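Please consult the sequence and the structure shown below while reading.

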Amino acid sequence: MTKLQPDSPSAAMPQMISLSEIEAVACPCGWAQRAFGHDAGTSVSVHYTQITKAARTHYHREHHEIYVVLDHAAHATIELNGQSYPLTKLLAISIPPLVRHRIVGEATIINIVSPPFDPADEWFDSSDLNCDEMNADMNTADTSSALPMEIHHV
């Protein structure tokens, strides 16, 4: 990450990072490369996310997300509170807290998250478990026939 010099001593330090240089981590819908966040002292985090399968419908109690669709497979959609909408290139989607959502089909997006991403703020209606609780459940479940997967935010 490159920190640029401020114009004045009281100015915040601008930051630049190449998303391609960040290690991809598994998430429930594919892979994500996450920049900035709490450690960087920013008010948002930015994720380059490759969606390779249908995500599980989820919501956030704190996070407001903005998805920007960079590319998508034919017939890929986003579900927002149970309504399905077709994806188009460069479509920007604002997803406030408590909106149930998921992308169905393959897509590549930029996800801007405010406040910065926290894996504990991913919630699922079926059991009202959050991401951390799902990880604990997965660690105690018999996964001998399942592929290894880390639960993270899209």
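The structure is a predicted model, in which local features need pLDDT of at least 70 and side-chain atom pairs count only at pLDDT 80 or more, while totals for chains, interfaces and linings use all residues. Residues are numbered from 1 along each chain as its sequence is written, and side-chain values use heavy atoms, with hydrogens and water left out.

## Overall composition

Helices (H or I, at least four residues) and strands (E, at least two) are DSSP runs, numbered from the N terminus. By this rule the protein has one helix and eleven strands. Their order from the N terminus on is β-β-β-β-β-β-β-β-β-β-β-α.

A residue is termed buried under 20% relative accessible area, exposed over 50%, and partly exposed in between (1.4 Å probe, protein chains only). Of the 154 residues in the protein, 36% are buried. A contact means heavy atoms within 4.5 Å. Among contacts between residues at least 6 apart in sequence, 62% join residues at least 24 apart.

## The six-stranded sheet

Strands of a sheet pair through backbone hydrogen bonds, either parallel or antiparallel. Here, two strands are taken to pair if DSSP finds at least two bridges between them. Six strands form an open sheet with antiparallel pairing, in the order S3-S4-S5-S11-S6-S9. Its edges are strand S3 (25-27) and strand S9 (92-95), each of which pairs on one side only. From one strand to the next, the twist averages 30°, an angle between N-to-C directions on a scale from 0 to 180 degrees, with axes fitted as lines to C-alpha atoms.

Strand S6 (residues 64-72) is joined to strand S11 (residues 107-114) by eight bridges, and the two run antiparallel. S6 also pairs with S9, again in the antiparallel sense, over four bridges. Ile66 takes part in both pairings: its bridge partner in S11 is Ile112, and in S9 Ser94 stands opposite Ile66.

## The nonpolar core

Which face of S9 is covered, and which is uncovered? Ile93 and Ile95 form the covered face, whereas Ala92 and Ser94 form the uncovered one. Ile93 and Ile95 are also among the residues with the most contacts inside the largest nonpolar core, together with Tyr67, Ile78, Leu87 and Ile103. A nonpolar core is a set of buried Ala, Val, Leu, Ile, Met, Phe, Trp, Tyr and Cys residues joined through side-chain atoms within 4.5 Å; the largest one here has 17 residues. At least two residues of this core are supplied by each of S6, strand S7 (77-80), S9 and S11.

Leaving aside residues up to four places away in sequence, Ile103 touches Ile51, Lys53, Ala54, Ala55, Tyr67, Thr77, Ile78, Leu87 and Ile109. One of these, Ala55, lies in the loop between strand S5 (45-51) and S6. Ala55 is buried, with a relative accessible area of 4%. Its C-alpha atom is separated by 9.0 Å from that of Cys27, 28 residues apart along the chain.

## Cysteines

A disulfide is a covalent bond between the sulfur atoms of two cysteines. With the criterion of two cysteine sulfur atoms within 2.5 Å, the count comes to zero disulfides. For Cys27, the nearest cysteine sulfur is that of Cys29, 3.6 Å away. Cys27 is buried, with a relative accessible area of 1%, and Cys29 also counts as buried, at 0% relative accessibility.

## Backbone features in loops

Most residues other than glycine have a negative phi, and most peptide bonds are trans.

The peptide bond from Ser114 to Pro115 is cis, with omega near -10°. Pro115 belongs to the loop between S11 and helix H1 (131-140).
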